[in-house]
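Thanks for asking me to look this over. My comments follow as numbered points, to be read with the structure open beside you.

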Amino acid sequence: MGLPHVRTLIVREKTVRKTARRRFKVAAGTSTAGTSAAAVLASDVAVEGAGEDPVSYFLGSRLPGPAQPFADLIRGHWGGCEIRNHGTRDVQWKEDKTLSGNWALNACLAILRVALISVRFRQGVTLPWPQIFERCARSSVPAMSLINGKSIK
Amino acid sequence: MAPHEFAAALNGWLSVAHGTLPRGLAIDGKYVRNLVLTLGLSEHESGAPAAIAIAVQAPVNEETKKEGELTCAHRLYATTPLHGATITGDALNCEPQSMTLAVEKGAGFLFQLKANQPGALAQAMDVAAKLPPLLPAKRTNCSTASRYGGFTVSIR
């Protein structure tokens with residue numbers, strides 16, 4: 001393996017009370033677990049008032065390259081599963097506040113919620129979830145449209 | 001309907017829409033009130049699931065949680081079309097079998113590396129320590145960054 005192919009990315013995030021600045025570097029590492037050559041991503045995170053370890057490490061199968069795809073993957077992970085999936089299930093459906101202790105019932109309801117997230121995406125619905133709930137509660141037409149593969153506006 | 005069969009039916013329906021474009025898939029588990037462990041592969045862009053699995057009903061403790069998530073992840077890798085995808089996950093997924101399964105299915109992976117893989121972490125720290133230091137942010141601009149192969153993104 002030759003010299004590490006280093007790329008630098010700076011992501012400036014402005015939050016409510018503090019500004020986080022992240023820098024990413026992608027460098028060559030060595031393979032592990034018998035997989036292809038691994039890339040090591042080191043990110044320096046400097047957050048005002050935070051005393052956390054400023055470096056995070058990731059192990060990947062893609063060869064080192066531009067930093068942006070790696071940064072997109074890291075941010076996309078949290079956006080994809082934690083915010084748009086788990087967060088939606090907890091906030092919109094209050095999944096964690098279920099009153100039932102029935103394992104099978106809660107499992108099936110979780111699957112249904114996941115299916116609805118997929119339906120909303122597949123039909124290209126851009127309405128926020130509360131608006132979808134209100135429209136479906138007012139009339140069964142939007143709900144039937146979604147089930148039948150049509151979008152609602 | 002049995003949850004496992006329901007999940008399998010949903011996964012079959014979801015797999016029909018899988019395209020061939022590269023995509024990011026986030027794998028993570030979620031407990032429903034410490035009762036049901038669901039594990040999903042979610043699209044980065046939309047949060048829409050690519051597949052979901054339900055762990056077997058078991059007492060909740062750290063060891064069971066770890067084994068449940070990994071067991072489900074391995075089952076998902078084995079039964080989900082992953083060609084061209086890049087799977088991202090937390091440090092729990094950073095273990096040899098998950099990596100091997102993902103690569104065997106034609107997917108890439110990017111897992112966070114923490115102390116549960118001490119050898120790989122030490123190696124990564126060694127690689128990072130040999131990197132040149134990051135330039136001060138105020139001295140980096142778009143033109144400079146692009147000249148050296150990087151770039152700058154500002155999010156407000």
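1. A word on confidence comes first: pLDDT is the predictor's confidence in each residue, from 0 to 100. It matters here since this is a predicted model. Chain A averages a pLDDT of 72, and 61% of the residues score at least 70. Among the elements of chain A, helix α2 (residues 103-122) has the highest mean pLDDT, 92, while strand β1 (residues 7-14) has the lowest, 40.

2. Please keep two stretches of chain A in mind as you read. Over residues 1-19 of chain A the pLDDT is below 50, although this stretch has 55 contacts in the model beyond near neighbours in sequence. Residues 30-40 of chain A also stay under 50, and for them the model has 38 contacts beyond four places in sequence.

3. How is chain A divided into domains? The domain assignment gives domain 1 (1-92) and domain 2 (94-153). Where these meet, 5 residues of domain 1 of chain A are in contact with 6 residues of domain 2 of chain A. On the domain 1 side, the touching residues comprise no nonpolar, 3 polar and 2 charged residues.

4. A:K94 is worth a look in your viewer. Its phi is positive, about 50°, although A:K94 is not a glycine. A:K94 is found in the loop between α1 (67-92) and α2 of chain A. Is A:K94 buried or exposed? With 9 other C-beta atoms within 10 Å, A:K94 is exposed, because the cut-off for exposed is 12 or fewer.

5. Turning to chain B, its secondary structure comes to 5 helices and 6 strands. From the N terminus on, the elements of chain B run α-β-β-β-α-β-α-β-α-α-β. Chain B has 156 residues, of which buried residues make up 38%. Among contacts in chain B between residues at least 6 apart in sequence, 43% join residues at least 24 apart.

6. Which strand of chain B is mostly covered? That is β2(B), where 8 of its 8 residues are buried. Both faces are covered: B:V36, B:T38, B:G40 and B:S42 lie on one side, and B:L37, B:L39, B:L41 and B:E43 on the other.

7. β1(B) runs antiparallel to β2(B), joined by 8 bridges, and B:I27 has B:L41 of β2(B) as its bridge partner. β2(B) and strand β3 (residues 49-54) of chain B pair in the antiparallel sense over 5 bridges; here B:S42 is partnered by B:P49 in β3(B).

8. Both pairings are hairpins. β1(B) and β2(B) have 3 residues between them, and B:R33 in that turn has a positive phi of about 50°. B:R33 is not a glycine, and it is partly exposed, with 13 other C-beta atoms within 10 Å. In the hairpin of β2(B) and β3(B), 5 residues lie between the strands, and B:G47 in the turn has a positive phi of about 80°.

9. Last, the core. The largest nonpolar core has 48 residues, and B:A53, B:L76 and B:L113 are those with the most contacts inside it. Domain 1 (1-92) and domain 2 (94-153) of chain A both give residues to this core, so it lies between them. Leaving aside its neighbours within four places in sequence, B:A53 is in contact with B:A7, B:L39, B:C72, B:R75 and B:L76.

How values were computed
Residues are numbered from 1 along each chain as its sequence is written. Chains are lettered from A and ligands numbered from 1 in the order in which they are written. This is a predicted model: local features need pLDDT of at least 70, side-chain atom pairs count only at pLDDT 80 or more; totals for chains, interfaces and linings use all residues. Helices (H or I, at least four residues) and strands (E, at least two) are DSSP runs, numbered from the N terminus. A residue is buried if 20 or more other C-beta atoms lie within 10 Å of its own, exposed if 12 or fewer, and partly exposed in between; C-beta atoms are placed from the backbone. Two residues are in contact if their C-beta atoms, placed from the backbone, lie within 7 Å. Domain bounds come from an automatic or database domain assignment. Ala, Val, Leu, Ile, Met, Phe, Trp, Tyr, Cys and Pro count as nonpolar, Asp, Glu, Lys and Arg as charged, and the others, Gly among them, as polar. A nonpolar core is a set of buried Ala, Val, Leu, Ile, Met, Phe, Trp, Tyr and Cys residues joined through C-beta atoms within 7 Å. Two strands pair if DSSP finds at least two bridges between them.
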